[in-house]
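Hello,

Here is the structure for your files.

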Amino acid sequence: MIEPSLREQEEAFQRYADAIRKVEKTLDFDDGRAAKDAWIAFLNLYLPDERKLPASRPSAGNVMSLASFRAS
């Protein structure tokens, strides 16, 4: 496994920090999912290739957004 550079680590963490600050302000479900994706990208910097987490959910996941639920 190639170690991520300090710059890569800082940039990935900054993307997560920005995303989590946004979700704390908006409390929006999709913003929360974006923060989760940023966290996974940060964690994946430290995991070997065979243990990396999926970068994003498949679009046919089992979670419905609240906006979609209200519309139905």
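In this predicted model, 18% of the 72 residues of the protein chain count as buried. The chain exposes about 5800 Å², and carbon and sulfur atoms supply 57% of that area.

The protein chain has 3 helices and 0 strands, so the order of elements from the N terminus is α-α-α. Among contacts with a separation of 6 or more, 44% are between residues 24 or more positions apart.

I looked at one helix pair in more detail. The axes of helix 1 (residues 6-26) and helix 2 come within 8 Å and cross at roughly 160°. Angles over 145 degrees count as roughly antiparallel, and therefore helix 1 and helix 2 are described that way. Their crossing is left-handed. On the helix 1 side, the contact is made by Gln9, Ala12, Phe13, Arg15, Tyr16, Ala19, Ile20, Lys22, Val23 and Thr26. Helix 2 contributes Asp31, Gly32, Ala34, Ala35, Ala38, Trp39 and Phe42. By type, the residues of this contact divide into 11 nonpolar, 3 polar and 3 charged.

One of the residues in that contact is Asp31, found in helix 2 (residues 29-44). Is Asp31 buried or exposed? Asp31 has a relative accessible area of 14%; the cut-off for buried is under 20%, so Asp31 is buried. Leaving out residues up to four places away in sequence, Asp31 touches Lys22, Val23 and Thr26.

Regards

Notes: Residues are numbered from 1 along each chain as its sequence is written. This is a predicted model: local features need pLDDT of at least 70, side-chain atom pairs count only at pLDDT 80 or more; totals for chains, interfaces and linings use all residues. Side-chain values use heavy atoms; hydrogens and water are left out. Helices (H or I, at least four residues) and strands (E, at least two) are DSSP runs, numbered from the N terminus. Buried means under 20% relative accessible area, exposed over 50%, partly exposed in between (1.4 Å probe, protein chains only). Contact means heavy atoms within 4.5 Å. Accessible areas come from the Shrake-Rupley method with a 1.4 Å probe; for residues, only the protein chains shown count as cover. Axes are lines fitted to C-alpha atoms, for helices over the stretch in contact, and angles run from 0 to 180 degrees between N-to-C directions. Angles under 35 degrees count as roughly parallel, over 145 as roughly antiparallel, 65 to 115 as roughly perpendicular and the rest as oblique. A crossing is left-handed if the near helix is turned anticlockwise from the far one by less than a right angle, and right-handed if clockwise. Ala, Val, Leu, Ile, Met, Phe, Trp, Tyr, Cys and Pro count as nonpolar, Asp, Glu, Lys and Arg as charged, and the others, Gly among them, as polar.
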